Amino acid sequence: MDFRRDFLFYLKTIIVIIAIYIASQVSAVFLPIALAVILSFFLNPLVNFLGKINIPFKGTHYNIPRGISILISFLIFALIILLIMTFILFPFTQELNKFSKELPELLKKIHPTILFLDDQYNSVHIPESIRAYIDSAFSEATAYAMTLAKRLLNNTLTFASRIIELIIVPVLTYYFLKDGNKIKTALISPFPNRLRSRVRTVYDEIGVVIGNYIHGQIIICIVIGMIVFSGMYILGVDYPLLLGLFATLTEAIPIIGPIMGAIPAILLAYLISPVLALKVTLFYLIIHQVESQIIVPKIMGNTISLHPVVIILSLLIGAHLGGIIGMIIAVPLTAILRVVLKHIWSYNESF
């Protein structure tokens, strides 16, 4: 009997692996599913809150049905998106158009600075072996940065070209929110009875980790973006809204994201004056300290529980495998792997 049960388990496992392989060859479905999963994690607390509201009716109190709670959450989310488009997206579009028109002139202004730095570098007496190593490292870093930029542009264009596919995101999100428990049961059911309790625990822990990570990351990105926008506006740096949004996006990349977000602001400030560039550099240094010492610990807490070295290694692997997108998903995937490995390591005969 045990042999038959184990055989069925391994057979189901093979079927699941084959299904995952087939799904990996149809990558077009990943973007809508990923967005729907993120949106469902983001809206689930609001849906649960609305579902706990008691509505008195004819002397009896009723809870809002979950389906209605989901629809109300969608309406609230749509209202937030409308407000963002009205007060942020439209001004951002105008600023972006202005930036694209002035970009050639900005490049002309920064070209003498690049030539000056190159002359200073060449005038310094550095041993040829060290100079060759520096030149090689700089070339590799430049090529890598260009590769990342091209991947980001290609991903953006791909995202825009597949906007029609994203129409199914609300539908998927609705069913993820409404039938979350049924989906969990379906995913756990292929496992033998003796394993289901532990698998359910792993599933719940992964859900908590990913949910907390998504909520925390969204809040941190928004907070940092608002701070950068305010700081650049007060300091008088051009395109503060553009820089604030760029900081919001790069903040999603752990460790090196804040550095990437600071570079354009420092360059634009330097075109105005070196003193302003120094002020902007100090501003970003302060923001980085506030972020690492106050904002991240307060918002994220210990939801990920990954050592900085592990985070850095996961970022390097993610960048190698998937560029910027790989870096963004590297940390949550590593957190999921940590949860799974923790339970595998605690395996015992009673499992």
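## The loop between H7 and H8

Tyr239 sits in the loop between H7 and H8 of this predicted model. Helices here are DSSP runs of H or I with at least four residues, strands are runs of E with at least two, and both are numbered from the N terminus. Tyr239 is not a glycine, yet its phi is positive, at about 60 degrees. With a relative accessible area of 4%, Tyr239 is buried (buried means under 20% relative accessible area, exposed over 50%, and partly exposed in between, with a 1.4 Å probe and protein chains only).

A word on the ground rules: residues are numbered from 1 along each chain as its sequence is written, and side-chain values use heavy atoms, with hydrogens and water left out. Local features need pLDDT of at least 70 and side-chain atom pairs count only at pLDDT 80 or more, whereas totals for chains, interfaces and linings use all residues.

## H7 against H8

Now to the helices on either side of that loop. Helix H7 covers residues 193-235 and helix H8 residues 240-250; their axes come within 8 Å and cross at roughly 155 degrees. Axes are lines fitted to C-alpha atoms, for helices over the stretch in contact, and angles run from 0 to 180 degrees between N-to-C directions. H7 and H8 are therefore roughly antiparallel to each other (angles over 145 degrees count as roughly antiparallel, under 35 as roughly parallel, 65 to 115 as roughly perpendicular and the rest as oblique).

On the H7 side, the contact is made by Cys221, Ile222, Gly225, Val228, Phe229, Met232 and Tyr233, and on the H8 side by Pro240, Leu241, Leu243, Gly244, Ala247 and Thr248. Contact means heavy atoms within 4.5 Å. These residues divide into 10 nonpolar, 3 polar and no charged; Ala, Val, Leu, Ile, Met, Phe, Trp, Tyr, Cys and Pro count as nonpolar, Asp, Glu, Lys and Arg as charged, and the others, Gly among them, as polar.

## Two residues of H8

Thr248 belongs to helix H8 and is buried, with a relative accessible area of 18%. Its side chain reaches the backbone oxygen of Gly244 at 2.9 Å. Leaving aside neighbours within four places in sequence, Thr248 is in contact with Cys221, Ile222 and Gly225.

Leu245 also lies in helix H8, and is partly exposed, with a relative accessible area of 29%.

## H6 against H7

H7 has another partner to look at. Helix H6 (residues 180-188) packs with H7 at an angle of about 135 degrees, the axes being 10 Å apart. That makes H6 oblique to H7.

From H6, the residues Gly180, Lys184, Leu187 and Ile188 meet Arg196, Val199, Arg200, Tyr203 and Asp204 of H7. This contact divides into 4 nonpolar, 1 polar and 4 charged residues.

## The chain as a whole

Stepping back, the chain has 11 helices and 2 strands, following the pattern α-α-β-β-α-α-α-α-α-α-α-α-α along the sequence. Of its 351 residues, 28% count as buried. Among contacts between residues at least 6 apart in sequence, 69% join residues at least 24 apart.

Definitions and conventions: Polar contact = N/O pair within 3.5 Å; in protein donor to acceptor, adjacent residues only side chain to side chain.
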